[in-house]
Amino acid sequence: MKKYTTVILAGIVVVLAAVLVGVLVFMKNQPTQERAFQPLVEIKAMEPNSELWGRNFPNQYSTLLKTKTNNIDTTYGGSSQFSWLERDPRQVILFTGYPFSKDYNDDRGHANMLEDVRATKRLNLDDTNPKHTPATCYSCKSADNPGLWDELGMEAYDKMSFNEMTPNIKESIGCANCHEAGTMRLIVTNPALKEGLEAQGKDWTTFTRQEMRTVVCANCHVEYYFQGDGKYLTFPWANGTEINQIIEYYEESGFKDWEYPDAKTPMLKAQHPEYEFFTAGSTHYNAGVSCADCHMPYVSDGAAKFSTHDVHSPLLNPEQACGQCHSDSEYVIRRVNAIQDQVATTKIATEDAIVDAINAIKLATANPNADAALLDQARNLHRKSQYMWDFVSAENSTGFHNPEYALKILADSTNLARQAQMLAAQSVNDMSLLETGVYDKMDPKPVPAK
């Protein structure tokens, strides 16, 4: 009996093995999976011309074109290209000595990126000047970039001047910045993003599609700086992406964007850290919501459902953007308005504290008897305080992407600014430097620098 059982078991094993081999052979010989549609035109890898992609995806392309004219403001932001320096003259003081004190306009839609970067007064197009604008400033402005990075390498790209790169740049932000031709999957195209993720031990190719609906926005909507003489585009993420980890990175590297005149503070300019802000434990991020869910909601054209590429504030189409998850869009808008009112008011209070600190540090610096050690401590706190404020101010949501985070950063910034002011006063033993409300007493108010 035992002998028959062994034979039967061996037979079963042989049959199962044969079935497994058959299945594997069958799977191996299946044709490669293709998309459910047949493209009208073949798109080459990293094709910069979005019009060609649009022949296969007319709905996505037609909505992308709307970013040329969707220049509508919300209460605190929008896309009309208004001047922050005119709306809030405190920022002229905060950016004194830096090109942002000349020209600092709110961004328009994606289709305007090239026109706007070439028109800003912040450019220095004198290539004989050591401070001339590098090609790196084109990094987040064009669909030509993925192909140029692939052809030249980012190091060589960034070493060129803005003038030298201009003939190579013809297309504004488009399909090639986020999609892989052929498969249309979402991909990382900016080498700096790939390197920034790798610095944290992350491999973007392992991310889910829903994760990529946020990560592709980080191709541009992040904090960055130009490293070294080659102006190499770098995301300061080696220690992490939260505000104190980024500050720690900059402290370790000793990097500065400029030195504040008369105060001699080595300053930092935050860029547009939407990705870092949103992913720092925000309610929506923790719930699995992506950037595209709110800024590129699904819409319909007849029977076709697609993600609109008319990227703008969800406050302009709350039924589509918020209504996919929230049943009462009007309540959501009231909540957003309340949050942004609170953050905007707090942000102005922080600016007042920093302006008071700058005033005190400048006066102390002018005093030859100032305690140098105390004054250096004051400058370091000024540097950190203003960067914290700028991290919230430059992030395009007036705090809504992460309200608790925004208010904590602003509270910490105000605290550091007041400490900086006190240290400056102590450095010269002059308590008159503790004067507050310096900006309110200014008459006339500052105007953009020439």
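The mean positions of the 41 positive and 57 negative charges of the protein chain lie 3 Å apart. The model described here is predicted. Its protein chain has 450 residues, of which 47% count as buried, and its secondary structure comes to 20 helices and 6 strands.

**Overall dimensions and surface**

- Taken along the principal axes, the box filled by the C-alpha atoms of the protein chain is roughly 100 × 60 × 55 Å.
- The protein chain exposes about 22800 Å², and carbon and sulfur atoms supply 55% of that area.
- Of the contacts between residues at least 6 apart in sequence, 68% join residues that are at least 24 apart.

- Strand β5 (residues 298-301) and strand β6 (residues 304-307) run antiparallel and are joined by 4 bridges.
- Within this pairing, Tyr298 stands opposite Ser307 in β6, and Ser300 stands opposite Lys305 in β6.
- The two strands, β5 and β6, form a hairpin with 2 residues between them. Gly302, in the turn, has a positive phi of about 65°.
- Both strands also take part in covering helix α3: the elements over the buried residues of α3 include β5 and β6, together with α2 (50-56).
- The residues of helix α3 (residues 58-65) that are buried are Asn59, Tyr61, Thr63 and Leu64.

**Helix α7**

- In helix α7 (residues 145-152), the residues Asn145, Pro146, Leu148 and Trp149 are buried. These residues are on the same side of α7, because they cover an arc of only 165° around the axis.
- Asp150 and Glu151, on the other side of α7, are exposed.
- Gly153 follows α7 and has a positive phi, near 85°.

**Val222, in a loop**

- Val222 is located in the loop between α11 (209-215) and β1 (225-227).
- With a relative accessibility of 1%, Val222 counts as buried, because the cut-off is under 20%.
- Leaving out residues up to four places away in sequence, Val222 touches Phe235, Trp237, Gln271, His272, Pro273, Tyr275 and Glu276.
- Val222 and Thr96 are 126 residues apart along the chain, and their C-alpha atoms are separated by 23 Å.

**Asn402, in a loop**

- Asn402 is placed in the loop between α18 (372-393) and α19 (403-428).
- The relative accessibility of Asn402 is 3%, so this residue counts as buried.
- Apart from its neighbours within four places in sequence, Asn402 is in contact with Phe277, Phe278, Ala280, Gly281 and Ser282.

**Trp84, in helix α4**

- Trp84 lies in helix α4 (residues 84-87).
- A relative accessible area of 14% means that Trp84 is buried.
- Not counting residues up to four places away in sequence, Trp84 touches Tyr76, Gln91, Tyr104, Asn105 and Asp106.
- Trp84 and Thr241 are 157 residues apart in sequence, and the distance between them in space, C-alpha to C-alpha, is 26 Å.

Definitions and conventions. Residues are numbered from 1 along each chain as its sequence is written. This is a predicted model: local features need pLDDT of at least 70, side-chain atom pairs count only at pLDDT 80 or more; totals for chains, interfaces and linings use all residues. Side-chain values use heavy atoms; hydrogens and water are left out. Buried means under 20% relative accessible area, exposed over 50%, partly exposed in between (1.4 Å probe, protein chains only). Contact means heavy atoms within 4.5 Å. Accessible areas come from the Shrake-Rupley method with a 1.4 Å probe; for residues, only the protein chains shown count as cover. Lys and Arg count as positive and Asp and Glu as negative; His and the chain ends are not counted. The place of a charge is taken as NZ of Lys, CZ of Arg, CG of Asp or CD of Glu. Two strands pair if DSSP finds at least two bridges between them. The arc is that of the directions from the helix axis to the C-beta atoms.
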